[in-house]
Amino acid sequence: MTLRQKAEEACDEALREFVRLRDAPGYVFQCFACRRHLPKITGTVGHFRKRRHLATRWYDKNCHLICIKCQDENRSENELNYAYWLDETYGKGTAEQITILSNRDVRYTVPELLDIADALRKRIK
């Protein structure tokens with residue numbers, strides 16, 4: 001594994017921990033896409049804009065705890081639900097702003113990735 005891959009994995013791990021604590025402080029969470037209440041252990045971190053978009057890969061408003069069903073099935077239907085709940089949670093136009101931001105061409109250096117991971121870890125504490 002390259003140094004860059006290790007730095008990206010550190011960001012991913014810090015984001016997973018942050019999202020799990022933010023979205024499910026107890027034993028149950030509400031799926032951000034379908035709104036079902038489920039045991040925390042069954043949740044996975046879902047991205048409104050896919051992980052390949054580096055500009056929003058570790059952006060907290062782009063990532064929420066979702067159920068496995070929403071992660072794996074009906075991607076287009078859940079994307080509409082996800083967009084609706086983003087706007088309800090953070091204000092009208094949030095989904096559009098995230099979409100615009102995700103289309104930026106971003107190339108992070110390894111030190112920048114490590115800074116992202118550190119910033120996420122600080123938000124956990």
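## Ground rules

Because the model is predicted, local features need pLDDT of at least 70 and side-chain atom pairs count only at pLDDT 80 or more, while totals for chains, interfaces and linings use all residues. Residues are numbered from 1 along each chain as its sequence is written, and side-chain values use heavy atoms, with hydrogens and water left out.

## Overall fold

Let's start with the architecture. The protein has 6 helices and 4 strands, and from the N terminus on these elements follow the order α-β-β-β-α-β-α-α-α-α. Helices (H or I, at least four residues) and strands (E, at least two) are DSSP runs, numbered from the N terminus.

How does the radius of gyration fit a compact globule? For 125 residues such a globule would have a value near 14 Å, and the protein agrees, with 14 Å. This radius is taken over C-alpha atoms, and the globule rule is 2.2 Å times the number of residues to the power 0.38. The C-alpha trace spans about 40 × 30 × 25 Å along its principal axes. Among contacts with a separation of 6 or more, 68% join residues 24 or more positions apart; a contact means heavy atoms within 4.5 Å.

## Surface and charge

Of the 125 residues, 39% count as buried. Here buried means under 20% relative accessible area, exposed over 50%, and partly exposed in between (1.4 Å probe, protein chains only). The protein exposes about 7,700 Å², with carbon and sulfur atoms supplying 52% of that area. Accessible areas come from the Shrake-Rupley method with a 1.4 Å probe; for residues, only the protein chains shown count as cover.

On the charge side, there are 23 positive and 18 negative side chains, and the centres of the two sets lie 1 Å apart. Lys and Arg count as positive and Asp and Glu as negative, leaving out His and the chain ends; each charge is placed at NZ of Lys, CZ of Arg, CG of Asp or CD of Glu.

## The cysteines

A search of the whole structure finds 0 disulfides, a disulfide being a pair of cysteine sulfur atoms within 2.5 Å. The sulfur of Cys31 has its closest cysteine sulfur in Cys34, but at 3.6 Å that is too far for a bond. For Cys67 the closest cysteine sulfur is in Cys70, at 3.6 Å, again too far for a bond. Cys31 is buried, at 0% relative accessible area, and Cys67 is buried too, at 2%.

## A positive phi

Arg35 sits in the loop between strand 1 (28–30) and strand 2 (37–39). Its phi is near 75°, a positive value in a residue other than glycine. Most residues other than glycine have a negative phi. Arg35 is partly exposed, with a relative accessible area of 22%.

## Residues worth a look

Asp12 is buried at 6% relative accessibility and touches Arg51, Arg57 and Trp58, not counting residues up to four places away in sequence. Lys6 is also in helix 1, yet it is partly exposed at 49%.

Ile98 belongs to helix 5 (residues 94–102) and is buried, at 2% relative accessibility. Leaving aside residues up to four places away in sequence, Ile98 touches Phe48, Arg49, Thr56, Tyr59, Lys61, Asn62 and Leu86.
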